[in-house]
Amino acid sequence: MYLFLLLPVVWLLIFKYWPMYGAIIAFKNYRPADGIFGSEFVGLYNFQKFFKSVYFERTVVNTLALSLYSLVVGFPIPIIFALLLNSVRSKTWRGWIENVTYMPHFISTVVMVGIMMRVFDVYTGLVHNVLEIFGIRWTTDMFIGDKNFRNLYIWSGVWQGTGWGSIIYMAALSAVDPQLHEAAIVDGASRWKRVWNIDLPAIIPTITITLILRFGSIMSIGFDKVFLMQNDTNIAAAEVISTYVYKVGLKADSGMQFSYSTAINMFNSIINLIAISTVNAISNRINGSGMW
Amino acid sequence: MSIAKVGVSRLKRKNKIGITTGEKVYYFVVNLCLAVFFLLILGPLINIVASSFSDSDAVGKGKVLLWPVRPTLEGYAAVFSYKGIWRSYAMTTFYTVAGTLLNLAFTLSAAYPLARRNLPLKKPVVMLFMFTMLFAGGMIPGYILLKNLNMLNTVWCMILPGLISVYNLIVCRTFIQGIPTDIEEAAKIDGCSDIRYFFSIVLPLSKTVIAVLALYYAVGHWNDYFSAWLYLTDSKLYPLQLILRTILIQNSFDPESVTTEENILGNKSLQDLLKYALIIVSSAPILIAYPFAKKYFMKGVMVGSVKG
């Protein structure tokens with residue numbers, strides 16, 4: 001039995017736990033020649049450096065802004081979508097909507113950003129071409145300047161993720177006992193009233209869990225999409241913690257500051273850990289069952 | 001007419017009346033909202049397909065909407081003649097196939113023992129895996145590790161760091177736990193060893209979850225760009241997504257890769273057309289697999305959501 005576990009656990013220790021040990025360079029002044037253990041210990045210097053730098057406020061604000069914006073917009077839309085889709089009666093139409101809206105989920109981030117740049121292209125994009133029919137000139141380059149960055153990031157996320165995000169609610173909705181609906185019909189409840197009084201309550205537990213998970217990752221905005229959307233003109237809005245970690249750590253022209261980058265990374269991980277633990281404790285109290 | 005029948009017919013009538021009045025408005029509004037959303041998603045997708053089959057002049061002048069204008073295969077010809085794309089396509093295929101096989105081997109071999117009811121030390125090992133979902137060493141320590149292992153700029157750095165996704169491990173374990181214990185007891189009485197039980201009973205019974213995991217891992221590898229960006233500098237090893245980034249997002253074309261007679265470097269319209277065709281070519285495997293794989297993908301969401 002343990003033979004099966006041997007390789008996976010060895011892998012786990014090397015590729016997951018060794019880097020955790022390696023993260024102690026956050027408290028050191030890491031130099032490759034001295035190694036992780038041998039490098040000079042500097043205490044909280046790297047953390048203090050980050051807290052004092054102008055990037056602290058900027059990256060934390062940008063990260064929070066993106067995740068709160070996506071919480072307000074990206075969280076309710078799949079729920080509304082699922083409720084609407086669930087009351088569609090034609091099976092064919094419903095199948096079409098599902099097939100088309102789930103598809104963007106599988107598009108890679110690079111292609112997704114590529115599609116955005118195509119669609120919003122000032123001269124040849126779909127938006128330009130459609131507006132031209134109505135005689136409107138499209139001159140806004142969405143990627144220039146930091147004004148549109150957040151809208152673009154969030155609404156492209158809605159475009160890509162709504163269908164897929166609704167699956168979990170659709171599953172909960174399909175578990176609703178049809179007798180409830182039949183009884184409500186007999187009592188004269190309109191379709192809308194049934195959505196409000198039967199369907200919505202049925203998915204409240206699922207909504208609670210997904211909402212809790214969202215709050216747990218409030219400070220983690222993934223690297224990929226933000227980084228791909230960044231350019232010199234929008235960087236004031238587009239620098240988040242994860243991209244900044246990369247920039248100070250591995251980008252050749254910002255000095256390969258390994259220890260400093262790791263300290264910022266660790267600061268973020270600790271906030272995330274606190275967030276998810278808090279949220280789990282709250283969930284334990286409310287639902288009587290947390291995630292662990 | 002019996003009382004029951006009267007009741008039923010009255011119910012039916014009521015039903016009909018309900019549908020003809022307020023319900024009609026409700027269904028109309030619902031379908032309208034969904035139709036708008038449906039078109040907002042489908043429109044850009046169709047526009048990209050249509051553009052990719054149009055001629056470069058029409059694309060460059062911004063004339064393409066939802067149907068190809070003067071259909072040609074010019075864009076695809078440009079993609080085919082661009083050398084860097086094909087090498088990276090082959091590399092990505094390799095990372096996806098080799099990576100997914102190793103992912104499956106490791107995930108299944110960890111999930112099987114952890115799905116057992118009474119394995120001593122099971123709890124701490126599960127905790128060991130779960131903890132990595134909550135906390136990780138971070139970008140730089142991971143980079144230093146690969147550097148010290150001399151794995152930077154090798155195919156290993158594309159495969160090994162993500163060998164097991166703990167989320168997938170949990171999905172897999174939940175599934176294997178669902179296999180009835182009677183089968184195991186019967187097999188044990190017949191003298192079946194753990195290893196043989198795994199290969200001749202657990203694996204064949206887990207086909208569904210294996211398909212789910214394989215699809216999740218494969219899509220992950222196909223779309224992965226982060227690890228290549230961090231760990232690879234040798235352009236021979238670049239996966240497709242990195243090449244896509246230079247062309248689609250940075251809008252830069254490598255002069256050495258261009259073999260076509262037509263000079264793509266100075267021709268903006270052709271560059272735009274190539275981008276459309278490239279989006280299609282690079283997403284083709286996933287789009288082709290999608291109709292067949294959809295139910296497995298959805299199953300993955302369900303199994304995962306049961307465990308929270």
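In soluble globular proteins, nonpolar side chains tend to be buried together.

B:L244 shows how residues of both chains meet. Leaving out residues up to four places away in sequence, B:L244 touches A:V110, A:V111 and A:G114 in chain A. In chain B, B:L244 touches B:L278 and B:S282.

The contact between the chains was examined next. Chain B supplies 75 residues to the contact, and chain A supplies 72 residues. On the side of chain B that touches chain A, helix 1 (residues 3-52) gives the largest share, 17 residues. By class, this side of chain B has 49 nonpolar, 19 polar and 7 charged residues. For the complex, the predictor gives an ipTM of 0.89 and a pTM of 0.89.

Chain B contains 14 helices and 0 strands. Read along the sequence, its pattern is α-α-α-α-α-α-α-α-α-α-α-α-α-α. The domain assignment divides chain B into domain 1 (3-60) and domain 2 (83-257). Taken over C-alpha atoms, the centres of these two domains of chain B are 40 Å apart. Of the 308 residues in chain B, 35% are buried. Among contacts in chain B with a separation of 6 or more, 70% join residues 24 or more positions apart.

The average pLDDT of chain B is 86, and 88% of the residues score at least 70. Helix 7 of chain B (residues 156-159) has the highest confidence, at 95. Helix 1 of chain B has the lowest, at a mean of 77. Over residues 1-10 of chain B, the pLDDT is below 50. Beyond near neighbours in sequence, this stretch of chain B has 1 contact in the model. Where pLDDT is low, the predicted coordinates should not be read in detail.

Several loop residues of chain B were then considered. B:L121 lies in the loop between helix 4 (83-114) and helix 5 (122-134) of chain B. The phi of B:L121 is near 70°, a positive value in a residue other than glycine. B:L121 counts as exposed because it has 10 C-beta neighbours inside 10 Å, and the cut-off for exposed is 12 or fewer. B:N153 sits in the loop between helix 6 (139-148) and helix 7 of chain B. Its phi is also positive, near 60°, and B:N153 is likewise a residue other than glycine. B:N153 has 15 C-beta neighbours inside 10 Å, so it counts as partly exposed. Most residues other than glycine have a negative phi.

B:Q250 is found in the loop between helix 13 (240-249) and helix 14 (268-306) of chain B. With 10 other C-beta atoms within 10 Å, B:Q250 is exposed. B:Q250 and B:L73 are 177 residues apart along the chain. Their C-alpha atoms are separated by 24 Å.

Chain A has 15 helices and 2 strands. Its radius of gyration is 24 Å, whereas a compact globule of 292 residues would have one near 19 Å. Taken along the principal axes, the C-alpha atoms of chain A fill a box of roughly 75 × 65 × 40 Å. Of the 292 residues of chain A, 35% count as buried. Among contacts in chain A between residues at least 6 apart in sequence, 65% join residues at least 24 apart.

A:E40 lies in strand 2 of chain A, residues 40-41. A:E40 counts as exposed, because it has 10 C-beta neighbours inside 10 Å. Not counting residues up to four places away in sequence, A:E40 touches A:K28 and A:N29. A:E40 and A:L200 are 160 residues apart in sequence. In space, A:E40 and A:L200 are 58 Å apart, C-alpha to C-alpha.

Technical notes
Residues numbered from 1 in each chain as written. Chains lettered and ligands numbered in written order. Predicted model: local features only at pLDDT ≥ 70, side-chain atom pairs only at ≥ 80, totals over all residues. Contact = placed C-beta atoms within 7 Å. Helix = DSSP H or I, 4+ residues; strand = E, 2+ residues; numbered from the N terminus. Nonpolar A, V, L, I, M, F, W, Y, C, P; charged D, E, K, R; others polar. Domains from an automatic or database assignment. Rg over C-alpha atoms; globule rule 2.2 N^0.38 Å. Buried ≥ 20, exposed ≤ 12 C-beta atoms within 10 Å, placed from the backbone. pLDDT = per-residue confidence, 0-100.
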